[in-house]
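The sequence and structure are shown first.

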Amino acid sequence: MKTFLIPALLLASPALAQDRVLTIYASDYIASEWGPGPKIEEGFEAFCDCDLQFVTGDILPRILMEGEGTPADVVFGLNTDVTARARASGLFAPHRQDTTDMSLPVEWTDDIFLPYNWGETAFVYDETRLDNPPASFADLLEAPDDLKIVIQDPRSSISGLALLLWVKQVYGDDAPEAWAKLAPKVLTVTRGWSESYGLFTEGEADMVLSYTTSPAYHIAAEDDPTKKAAIFPEGHYFMAELAAQVASTDQPELAQQFMDWILTPEFQQTIPLANWSLPARLPVEDWPEVMRNLPRPDKTLFYSEDEAEALRQPALDEWLRAFAG
Amino acid sequence: MGAGHAVAALLTALILGTLGAVAWAAGGLSVLTEWDWRALRFTLWQAALSATLSAALAVPVARALARRRFRGRGLLVTLLGAPFILPVIVAIMGLIAIFGRNGLVNDSLRGIGLPEMSIYGWQGVILAHVFFNLPLSVRLILQGWQAVPAERFRLAASLDFGPRDIARHLERPMLRNVLPGVWLAVFLVCLTSFTVALALGGGPGATTVELAIYQAFRFDFDLGRAATLGLVQIALSVGALLLARRIAVPAGFGTGMDATGAPPGPGGWRRGADALVIALAAGFLLAPLLSVTASGLPRVGALPADVWSAALRSIVMAVTSAALTITACLVLALAVARGAGRWVEAAGMLPLVASPLVLGTGLFILLRDLATPQQMALPVTVAINAAMALPFGLRALIPAAQALQADYGQLAASLDLKGLARLRLLVLPRLARPLGFAGGLAAALAMGDLGVITLFAGDQPTLPLKLYQLMNSYRMEDAAAASVLLMALSFALFWLFDRGGRMDA
């Protein structure tokens with residue numbers, strides 16, 4: 001065992017010698033050079049006199065497994081629909097921020113989990129390929145079955161779970177019938193968002209379950225205005241990404257300093273064009289033009305964390321029945 | 001023999017110990033849900049069908065390749081191995097480009113007015129599994145063919161044997177020996193299949209057990225259910241292994257000097273049929289690769305520096321994994337050949353049936369007090385990948401090692417050839433081919449692995465992880481380019497090792 005671990009160990013980089021290290025558990029895409037991570041790291045290190053280290057992976061399973069022994073000081077990138085389990089672990093400490101004046105479409109009163117961005121689920125299409133996109137959720141359900149959509153599995157993808165709750169909130173007890181109508185149009189169900197989105201851009205599917213902000217990427221980065229989010233009058237389901245400090249942190253000051261920084265304009269301005277989502281606290285006039293000009297839904301749907309947790313399993317069973325065929 | 005037992009014991013401890021650690025962390029095993037049982041049924045059904053199709057289709061391809069000589073044959077044999085070592089995500093992109101709604105096949109079907117085929121749903125899972133495993137089956141069966149001494153075929157020719165007689169006296173006994181192992185290997189690969197089912201399965205109707213394990217981890221954070229499912233998966237696979245032991249009959253072909261070639265294959269219509277079989281297999285296996293290459297190649301040069309450093313990291317990890325696999329493979333195969341007992345061979349096959357997710361999580365739980373996840377990320381990934389590639393290497397190596405022992409064991413003993421001299425003069429030269437194959441497989445599988453690294457990740461992403469980051473940042477074109485790079489590197493590593501083993505061919 002020893003002999004074969006040694007060459008591999010040589011690959012691991014030595015830990016940095018700095019004393020003040022803020023360890024942040026983050027979703028994988030955040031820390032990549034195309035995500036918001038590098039800007040966040042640079043911005044924070046400019047004033048914290050510390051070394052910010054992102055540790056990427058599946059945040060929640062990992063920290064639940066590690067418990068209080070976790071080396072994490074802050075978690076960054078938890079999702080709204082799984083906070084019940086995160087909270088129940090008792091691993092997280094209050095953020096101590098005033099959340100009365102957020103730029104969110106929902107009221108935010110959570111004293112542990114602090115949103116730093118948000119968006120809504122939406123079906124995205126390419127107007128050059130789809131002439132008559134459905135104008136409402138009802139339209140989508142009634143569309144001919146050769147309209148093909150790709151969605152994500154709610155058991156492995158957070159956006160897939162959001163779709164589950166979206167349908168539940170729009171259709172309530174009629175959700176099974178809604179799924180029965182939607183199922184024949186679902187080309188395939190993928191593990192995560194990226195596989196779905198890839199199928200959509202390859203032209204395999206007419207619509208993809210994504211976010212209202214997705215078209216902004218194509219406009220800003222590719223100068224391609226043809227990708228659109230279909231806006232439904234029934235409303236769109238709210239999703240935010242959250243940060244929280246770990247109660248057992250050995251760097252409580254640094255962790256708090258980071259939490260204090262999240263809602264500042266400096267931090268918030270990095271979000272839209274790196275994370276392709278909307279900032280949690282920034283006046284609309286300070287948003288990049290491409291985000292300001294995106295069509296906005298009139299209605300935002302959202303379940304409280306307890307409702308979401310209670311509905312998760314029954315809604316999943318309805319979904320499974322509709323797709324098991 | 002001591003080393004063989006030690007490696008086998010280490011493997012058993014790794015596989016069962018990690019499962020135990022997960023169960024222990026969960027405080028016991030959980031009851032399975034209705035959906036888990038459905039997943040179990042689908043898993044068994046698709047694995048059996050995929051294995052049967054792969055093995056059956058591989059026989060004519062392997063025979064055609066074994067008895068025909070043509071320019072570029074060696075290259076083609078190597079190329080046909082490509083799908084098996086392709087990172088799943090890349091392969092699926094390629095399959096969709098050919099068999100998808102807008103793919104080549106459906107475009108052609110539409111063009112001549114025929115109904116379209118769908119790659120999504122269970123048929124997509126089967127298609128992808130055959131795509132991945134046909135090359136493995138062809139390689140293993142082809143090795144079986146090549147293990148028949150050329151003298152036998154020449155003897156058959158001098159006795160005026162027709163193709164039927166050759167089939168009866170030489171080929172069928174060899175296939176009886178090789179096919180159960182091939183079928184089993186494919187069956188086991190498909191038993192633990194995960195990404196394929198998720199990308200092409202089309203939903204809960206095509207959920208596999210490995211996928212259910214992933215969901216138990218991710219969605220429910222139910223370690224107990226994950227451990228139960230991991231146990232069920234192992235039980236299934238061990239059952240299949242035991243079954244295969246009963247039907248496998250070793251064939252004794254006697255010793256041969258492989259300096260002289262076999263006589264040419266039969267002529268007439270069989271020549272045309274062989275050509276057609278080879279062409280069809282090449283088309284099916286290579287078209288998706290060509291399509292991925294065509295769409296990604298133009299941008300490879302423009303990939304950011306991060307992608308290249310991730311690629312370098314992946315290469316080092318892959319080569320380390322391969323070295324581990326070759327060493328462990330050799331030790332185990334020699335022990336099995338000297339009659340070390342079934343459990344040594346079973347231990348060598350065990351990684352095939354283990355869930356990489358359970359393995360990774362178990363190691364994480366076991367090692368968390370010794371090292372941080374970041375420190376663990378790369379070594380654990382290397383070790384797990386080396387273990388996961390072991391069964392494939394063993395499948396190719398054990399028959400060769402057994403033949404070596406049967407044919408040269410007494411001679412070597414009478415010459416008192418042992419230790420390093422025996423290794424250098426007898427074992428390594430005679431086993432170079434399967435060893436090169438094992439190393440190549442290990443390197444390529446490690447290159448494309450994404451499962452284990454996502455659990456640990458850290459700040460040192462591998463190339464497949466970078467590919468996902470690109471996709472998650474909407475950069476689908478860069479992701480396509482990174483796929484080409486990943487494919488090229490996996491392939492180059494396999495080729496280098498495999499070529500190294502086939503220097504005499």
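How many helices and strands does chain A have? Chain A has 15 helices and 12 strands. The radius of gyration of chain A is 21 Å, close to the 20 Å that the globule rule gives for 325 residues, so chain A is as compact as a globular protein of that length. The model is a predicted one.

The C-alpha trace of chain A spans about 60 × 50 × 40 Å along its principal axes. Of the 325 residues in this chain, 52% count as buried. Among contacts in chain A with a separation of 6 or more, 78% are accounted for by residues 24 or more positions apart.

Attention now turns to a helix pair in chain B. Two packed helices are described by the angle between their axes and the distance between the axes. For α3(B) and α13(B), the angle is about 50° and the axes are 10 Å apart. The angle of about 50° therefore makes α3(B) oblique to α13(B). The crossing in which α3(B) passes α13(B) is left-handed.

| Helix | Residue range | Residues in the contact |
|---|---|---|
| α3(B) | residues 73-80 | B:L76, B:L79 and B:L80 |
| α13(B) | residues 269-296 | B:A281, B:A282, B:L285 and B:L286 |

By class, the contact of α3(B) with α13(B) has seven nonpolar residues, with no polar and no charged residues.

Key:
Residues are numbered from 1 along each chain as its sequence is written. Chains are lettered from A and ligands numbered from 1 in the order in which they are written. This is a predicted model: local features need pLDDT of at least 70, side-chain atom pairs count only at pLDDT 80 or more; totals for chains, interfaces and linings use all residues. Axes are lines fitted to C-alpha atoms, for helices over the stretch in contact, and angles run from 0 to 180 degrees between N-to-C directions. Helices (H or I, at least four residues) and strands (E, at least two) are DSSP runs, numbered from the N terminus. Angles under 35 degrees count as roughly parallel, over 145 as roughly antiparallel, 65 to 115 as roughly perpendicular and the rest as oblique. A crossing is left-handed if the near helix is turned anticlockwise from the far one by less than a right angle, and right-handed if clockwise. Two residues are in contact if their C-beta atoms, placed from the backbone, lie within 7 Å. Ala, Val, Leu, Ile, Met, Phe, Trp, Tyr, Cys and Pro count as nonpolar, Asp, Glu, Lys and Arg as charged, and the others, Gly among them, as polar. The radius of gyration is taken over C-alpha atoms; the globule rule is 2.2 Å times the number of residues to the power 0.38. A residue is buried if 20 or more other C-beta atoms lie within 10 Å of its own, exposed if 12 or fewer, and partly exposed in between; C-beta atoms are placed from the backbone.
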